[in-house]
Amino acid sequence: MDARYEQQRSQLADIRERLSAVHAQASSADRLVTVTVDFSGIVTDVSLDPRALRTTCADLGRIVTETARAAARLAHQQTTETIAPIVDVVGSMPELADLLPGAPSLREPDTAITQDDAVQEDDDEYAGESHIGVIT
């Protein structure tokens with residue numbers, strides 16, 4: 001039991017380290033806007049080509065927003081791939097309610113906003129216009 005626990009702990013630490021290294025980057029179709037996000041989709045950098053300042057504020061805002069969404073989608077995909085190995089580990093752990101009667105289930109979906117809710121692809125006005133890349 002202790003060896004299995006140590007193996008799971010080591011695996012989780014490795015995944016945590018790999019997650020912290022995940023960064024995704026997307027550029028607008030015209031390459032005037034580039035957005036970088038971390039593993040959770042939080043914007044860490046926005047780069048604007050000087051020519052981007054010639055667009056209207058509304059257009060620039062839409063371009064930055066769509067580019068950030070594209071980067072967040074990529075980060076979400078990378079994060080999902082990174083944590084895939086621990087799905088079996090988590091699945092083999094006992095349910096919290098089994099250990100603590102009356103405790104909430106940690107496996108049941110929460111009503112809180114998830115990454116999937118926050119990054120919706122179906123409302124993207126500029127779908128398909130961003131060039132997405134990965135920074136590792």
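**Strand S2 and the setting of Val 33**

In this predicted model, strand S1 (residues 23–27) pairs with S2 in the antiparallel sense over five bridges, where strands are DSSP runs of E with at least two residues, numbered from the N terminus, and pairing requires that DSSP finds at least two bridges between the two strands. Within this pair, Gln 25 has Thr 36 of S2 as its bridge partner. S1 and S2 form a hairpin with five residues between them, and Arg 31 in the turn has a positive phi of about 65 degrees.

S2 also pairs in the antiparallel sense with strand S3 (residues 43–48), again over five bridges, and Thr 36 stands opposite Asp 45 in S3. Four residues lie between the strands of the S2 and S3 hairpin, in which Gly 41 takes a positive phi near 90 degrees.

Because six of the six residues of S2 are buried, this strand is largely enclosed by the rest of the structure; buried denotes under 20% relative accessible area, with a 1.4 Å probe and protein chains only. Both faces are covered, with Val 33, Val 35 and Val 37 buried on one side and Thr 34, Thr 36 and Asp 38 buried on the other.

Val 33, which belongs to S2 (residues 33–38), counts as buried because its relative accessibility is 1%. Not counting residues up to four places away in sequence, Val 33 touches residues including Ala 26, Leu 48, Leu 60, Ile 63 and Val 64, a contact being heavy atoms within 4.5 Å. The C-alpha atoms of Val 33 and Asp 49, 16 residues apart along the chain, are separated by 6.4 Å.

Residues are numbered from 1 along each chain as its sequence is written, and side-chain values use heavy atoms, with hydrogens and water left out. Local features need pLDDT of at least 70 and side-chain atom pairs count only at pLDDT 80 or more, whereas totals for chains, interfaces and linings use all residues.

Note on methods: Buried means under 20% relative accessible area, exposed over 50%, partly exposed in between (1.4 Å probe, protein chains only).
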